[in-house]
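Please look through the sequence and the model before reading on.

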Amino acid sequence: MTPWWEAAEVVGRVPPETTRQAVGYPALFVLVALGALVPVIPTGALVSSAAVVAFHQPSLPFGLLLVFGVAALAAFCGDIALYWLGRRGVRSRGGSRWLESLRGRATPERLERAQTKLDEHGVLVLVLSRLVPAGRIPVMLACLLSGMPLRRFARGDAPACLAWAATYGLIGIVGGSLFSEPWKGVALAVGLTLLISAAPTVWRRLRPERPAA
């Protein structure tokens with residue numbers, strides 16, 4: 001058995017970057033996947049912040065590629081899990097709390113628009129829905145109500161998650177390249193992602209209401 005002081009010496013020789021990677025990437029995966037199920041976690045800000053940190057690591061560009069891959073895979077897994085739970089609710093006579101949660105997060109007007117776009121463009125609309133803030137749930141609900149099989153949804157959701165991870169990763173790269181100190185880049189990336197997320201809500205509130213026909 002290795003003496004404890006020798007084990008401590010070995011641990012002390014492990015580079016701090018390796019320790020951060022061993023903890024950071026699994027944590028990023030869990031948080032992004034969970035954020036796809038529970039929309040209280042700002043997953044875009046998480047990915048952008050992770051990209052800023054990876055940009056300042058010696059492992060560049062491999063760290064950025066890992067952030068991109070982990071984020072895309074986690075988003076895909078979360079979407080598939082949520083869609084599977086929603087399909088169970090659609091097939092069940094009594095529904096499910098997951099399906100009701102999806103219905104509560106999509107207004108009738110937005111759901112109608114999502115159904116129209118789905119009829120016109122098919123699964124390609126999934127890519128745009130992932131990039132538009134608050135656009136994912138109405139389109140996912142429209143797919144559920146149209147009876148789209150899980151396999152077909154997955155084929156459309158995979159490129160959507162790749163595009164989403166690349167977009168927010170690019171925001172992190174921009175933030176990291178503008179500042180030499182990572183925390184400043186993280187602050188900028190988080191601010192940009194929150195601004196993007198809030199833009200549609202602000203636009204709807206400022207846009208003048210159309211007169212009734």
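## Contacts and basis

Two residues are in contact when they have heavy atoms within 4.5 Å. Leaving aside neighbours within four places in sequence, Met-148 is in contact with Tyr-83, Arg-87, Leu-118, Val-123, Cys-143 and Phe-153.

The model is predicted, so local features need pLDDT of at least 70 and side-chain atom pairs count only at pLDDT 80 or more, while totals for chains, interfaces and linings use all residues. Residues are numbered from 1 along each chain as its sequence is written, and side-chain values use heavy atoms, with hydrogens and water left out.

## Overall fold

The protein has 10 helices and zero strands, where helices (H or I, at least four residues) and strands (E, at least two) are DSSP runs numbered from the N terminus. Of the contacts with a separation of 6 or more, 77% join residues 24 or more positions apart.

Of the 213 residues, 36% are buried, that is, under 20% relative accessible area with a 1.4 Å probe, protein chains only. The protein exposes about 12,700 Å², and carbon and sulfur atoms supply 67% of this area, computed by the Shrake-Rupley method with a 1.4 Å probe.

## Nonpolar cores

A nonpolar core is a set of buried Ala, Val, Leu, Ile, Met, Phe, Trp, Tyr and Cys residues joined through side-chain atoms within 4.5 Å. The largest one has 25 residues, and Tyr-83, Leu-126, Leu-141, Cys-143, Met-148 and Phe-153 have the most contacts inside it. At least two residues of this core come from each of helix H4 (62–91), helix H5 (97–104), helix H6 (108–121), H7, H8 and H9. H8 gives the largest share, seven residues.

Another core, of 22 residues, lies apart from it and includes Tyr-25, Val-32, Ala-74 and Tyr-168.

## Enclosed space

A cavity is a set of points on a 1 Å grid over the protein atoms alone where a 1.4 Å probe fits but cannot get out. How many cavities of 30 Å³ or more are there? The count is one. About 40 Å³ of space lies in the largest cavity, a volume being the space filled by probe spheres set on the points.

Its lining residues, which have an atom within 4 Å of a point, are Asp-79, Leu-126, Ser-129, Arg-130, Arg-136, Met-140, Phe-153 and Asp-157. Helix H7 (125–131), helix H8 (136–145) and helix H9 (150–178) each give two or more residues to this lining, and H7 has the largest share, three residues. By class, the lining has three nonpolar, one polar and four charged residues; Ala, Val, Leu, Ile, Met, Phe, Trp, Tyr, Cys and Pro count as nonpolar, Asp, Glu, Lys and Arg as charged, and the others as polar.

Methods
1 Å grid on protein atoms, 1.4 Å probe; cavity = no way out; pocket = protein on both sides within 12 Å on 5 of 7 lines; lining within 4 Å. Buried < 20%, exposed > 50% of the residue type's maximum accessible area, 1.4 Å probe, protein only.
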